[in-house]
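Me: Please show me the model. I would like to go through its packing and its backbone, point by point.

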Amino acid sequence: MTAKPKFAMYWAASCGGCEIAVLNTNEKILDVDANFEVVFWPVAMDAKYEDVRAMEDGSILLTLFNGGMRNNENEEMAHLLRRKSKILVAFGSCATEGCIPGLANLSPLSEMVDTAFTTISTDNPDNIRPQTTFEVPEGTLTIPILNPVLKTLAQVVDVDYYMPGCPPESTQIAAVIDLVIQVVQGKAQLPPKGSVIGAGNSTVCDECPRARNVKVISAFRRIQDVAPLDPNLCILEQGVPCNGPATRSGCNSRCPRVGAQCIGCYGPAEGVLDYGARLVTAFASVVDSDEPKEIERILEGIPDPTGQFYRFNLADSMLRAGKSAWQKKG
Amino acid sequence: MSDEKKTPKEKIGVYVCHCGTNISAVVDVEGVRDWVQKNMAGDGVVIARDYKFMCSSLGQELIEKDIKELGLTRVVVAACSPHLHEKTFRTAAENAGLNPYLTELVSIREQISWVHTDKAVATAKAKSLVAGTVKRVVNNEALEKLKVPINANTLVVGGGIAGIQAALEIANGGFHVYLVEREPSLGGHMAQFDKTFPTLDCSACILTPRMVEAGTHPNITVLTWSEVTNVSGYIGNFSVTIKKKSRCVNEELCTGCGICIEKCPKKVIDDTFEAGLGYRKVIYTPFAQAVPNFPVLDQPNCTYFEKGTCKACEKFCPTNAIDFTQQDQILNVEVGNIILATGYDLFDASRMTNYGYGRLANVYSSLEFERMSNSSGPTNGHIVLRDGKTKPETVGIIHCVGSRDKNFNNHCSAICCMQSLKFAHLVKEHTGATVYEFYIDMRTPAKSYDEFYQRIIDEGTVFVRGKVAEISDIPRIPDEEGKLIIQVEDTLVGKQRRIPVDMVILSNGLEPRADAKQVGKLFGISCSSDGWYIERHPKLDPVTTMTEGILIAGCASGPKDIPASVSQGAAAAARVMDKILQKEVELEPVRATIDEDKCSGCRICNNMCPFSAILYIEDKGVTRVNPALCQGCGTCIAACPAGAISGTGFSDEQILAQIDGILMAV
Amino acid sequence: MTEKFEPVIVGFTCNWCSYRAADAAGTARMKYAPNVRLIRLMCSGRLDPSFVIKAFATGADGVMISGCHPGDCHYISQNYKALRRYLLLRRTLAGFGIEPGRVKLVWASAAEGLKLTEEINAFVEEVRALGPLNWPKWDGAAEVFESELAPHIATEVPA
């Protein structure tokens, strides 16, 4: 009996939602168990890094790597799993584009740490900060060192495929699992290396059922100020900044279908270099004024454009981080 | 993030020009050549040369030889501005068998050697710009000019002198013209004038033969009392919808005898042709020599349409040509080119309340005076006051009414000075009155114009240099009783003057038509900020517009006199026939395309195009660009949030590569 | 710092107006600061915010965008789109810590060679005052991050 191909899933800097999305494939997970030997999956089974190091290089057929590169442990594991895997998939928005953890790239590291250690819910009477090494009688204890700038998986190792989404839709995950099983059985071909999988070929508007007209925006408003939202009309046309036009399709326009604007978790369309730039140009181009003062007044309706346009994609944008994150002090 | 050393996919030749010493005096040309040869080999540069004059035949031969012998696939020339020699080098490359769009010219002369003095800095900048262009050209694509067939019919909109001239030239050339005019007759404003300057020719006498020629020409379909309601398509292939409004007169039966007009019992003020000075009947032709001579029934004012009674015209018509049930006709025509000769509107002087037009009886607009002076006008050619009988003894003529005025129109209306001088002459001739001319400058530039001015001076006209502040009927001294007092600063004397006159004639400025913008939109052309249609180039291309296939002639593009309007009508006709004779038109291949698979139908690009080249295809849910209409500005490419629109000639790949190169360390 | 900081500025010009203005300045031999390197586009409406971001990410200290005066655009109204994009882009870049003064939009007609040189000279000084941007080149040599929390970086993660 030929051994079942090996499967691994790992989480670096992430929220765990991608793991849940995999489990949300419901019975499909049994297909994973039936067709693969799960060798390393911290959320689902017990295993140690030692075990991974002991595996032969390239012996894991498929690794779904979820989470961004926040510290050197994440980077270590990225390098390790790259060595040990045939196919490494950047799974989910954190790994493909940095996602929410990437927003920390707008602040200096010290500010991040200060915030975490001095919030109202933190009990820190001596106002300490973490040390990466600490001497105890038994030896030296270490914790991972934070990088000042969060990186995506592809910025650290060579990635074979990208699955976007925060999280990727479970239906898409199921489809990818099916595809890999077919490939293993020799019944299908893998897409070209570097492809985005589990996503559509266009943007969210392509899957959105709402009616669309020529866009003329005279005000940007928050969704609660527009309520009730017309369920049949394009959300952007109603003045609510919807990132759908620039966001990759594949989620079946999940959010606009239930009356929420798309916030862009599926990342950029195919071939786009900088996601946020596409939103800047799209929104600005349809502002209904030619007069600078009036344009500025309308743009006030988006008080945080950097956040609005780069919420998920900051770490993978051309600039990658705000100046305060990388600028050396002193 | 793989680091493979890629073999460059193109073979690039770089040619750095000395331009005599224009470039080499400041930029180290050989240094740039060496630097490029050494540092850009990885991008594909196989040869870098320098030469004294790249644009010379020897310089061009260098390029051609290298293309043939070294198998170059891309060429970069660093010399003067692309606006001068891009075509030269592209043609040279084409002669050697390389697609012309694979050659780029970057300026290191206008941009560097002529404007910077530090040689080291200039040389470094030259290296950057060349590096940018080398990286850019790698991403150039071989392009072919787009060829579109031309329909030989032409549409001329506007039956004034410019439109008539254009129509006649094309028709005489053997091609068919549709001449559309919104008023009941051809003639335009020129038909309203009495005499024309500087010859004092009778306007109607020189115009009507042309009108008749156009009206009877076998190659011209004259459609008066008609308007264009829709235009679609592109150069060579326009589909135009024309609404031929109902005249209530059957043109097959009407003989133009005029009995209906005679018998019509109702008169209304003629606001159009008589400029409000006189009356016309409800069924009317605007003037005696109207072409075509079929009358028009003014339905809103007609007793029959109002109350169901009268019908005098129908009763007396000997050929039964009156048809109250006649409907508007919709015609669809296919044409290859369109000439807009829609003329001007007169500035409404009642907006200048200080001049009292509309309030003070004896203040007249220029067109009112033309009608008064015209022997077939409402006063039979007598220059009289509003009471219809008193001859004026003093007349004031005011220049620049609503022109050269920041409060109304900034522009000079070009014809008012000559027109005012003409009025002075006519007033003197008809009445012997003392004539005052109030001017800011005297603009009499063309042939025989200044001589005319001198003649008017010799006739004893009094010239006061000053912009009139006010025209008032409130006397301060007994001599001013019953007069119109012109208050003006006489700038040459340096004094305020109050000059009492019997009659004031205003030289109203020329303005764009009130609906110029809408009409422009209909045809896909634009107005400048002051409302006139924009020509492709103010110096070198005055009759074409940015939209291929739409031309402009006459006052539609700005105030001008009759000779200039005629010239433009003829010029537009020549350009049209130029295109028709070529049978096909070639369009520059710099344009946008939409990848319909990537397009999500978000419609963000839909209002990015002033040329109507962007169309949303409703049943497919995607947007498409019409390559024949696309002007290649690239605005939609930059707007697309899905990156679904790409452009040839200035693609993302080309520009991003150029940015990389331009910022290379030198 | 003994040497004066010379900003590197990428300039985007439109083919019909501002590029011709630059040519006109050249023909008239007007002298101006050499810090601006021009890229010719057909229209300021072609200006994709990605170009500006790319310029900053690749080493520019400033970006100048120039086009035809409002109302005079060769392609009728495309400079207005450039204006809107420029205003939103500046706000977005500010969130990254790129000062709004590093991007400037100027209008120059084909006859305004002098005006363009004056705008260029002024902008060079404005960017000079802001100092170099020196955005990190993320692709390329490994960056060594000095963590503020520890003087050395651990290389092995214990089992």
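Reply: Axes are lines fitted to C-alpha atoms, for helices over the stretch in contact, and angles run from 0 to 180 degrees between N-to-C directions. Helices (H or I, at least four residues) and strands (E, at least two) are DSSP runs, numbered from the N terminus. This is a predicted model, where local features need pLDDT of at least 70, side-chain atom pairs count only at pLDDT 80 or more, and totals for chains, interfaces and linings use all residues. Residues are numbered from 1 along each chain as its sequence is written, chains are lettered from A and ligands numbered from 1 in the order in which they are written, and side-chain values use heavy atoms, with hydrogens and water left out.

Me: At what angle do helix 10 of chain A and helix 3 of chain C pack?

Reply: Helix 10 covers residues 275-285 of chain A. Its axis and that of helix 3 of chain C are 8 Å apart. The angle is about 135 degrees.

Me: Which residues of helix 3 of chain C meet helix 10 of chain A?

Reply: Contact means heavy atoms within 4.5 Å. Helix 10 of chain A brings A:V280, A:T281, A:F283, A:A284 and A:S285. Helix 3 of chain C answers with C:K81, C:R84, C:R85, C:L88, C:L89 and C:T92.

Me: Are helix 5 and helix 17 of chain B roughly parallel or roughly antiparallel?

Reply: Helix 5 spans residues 119-138 and helix 17 spans residues 652-662. Their axes lie 7 Å apart, at an angle of about 150 degrees. The two are therefore roughly antiparallel.

Me: What area do chain B and chain C bury between them?

Reply: Buried area is the accessible area (1.4 Å probe) that two parts lose on being put together, summed over both. The contact takes 46 residues from chain B and 44 residues from chain C. In chain B, B:H83, B:W114 and B:L663 lose the most area to chain C, together 16% of what that side buries. Carbon and sulfur atoms carry 61% of a total of about 3,900 Å².

Me: Which three residues supply 50% of the area that domain 1 of chain A buries against domain 3 of chain A?

Reply: An automatic or database domain assignment sets the bounds: domain 1 is 6-101 + 148-184 and domain 3 is 204-316. The area buried between them is about 1,100 Å². More than any other three residues, the suppliers are A:E97, A:P164 and A:E169.

Me: Where does B:P198, with its cis peptide bond from B:F197, lie?

Reply: Omega of this bond is near -5 degrees. B:P198 lies in the loop between strand 8 (195-196) and strand 9 (201-202) of chain B.

Me: What is phi of B:C400?

Reply: B:C400 is in strand 21 (residues 394-401) of chain B. Phi is positive here, in a residue other than glycine. The value is near 55 degrees.

Key:
Parallel < 35°, antiparallel > 145°, perpendicular 65-115°, else oblique.
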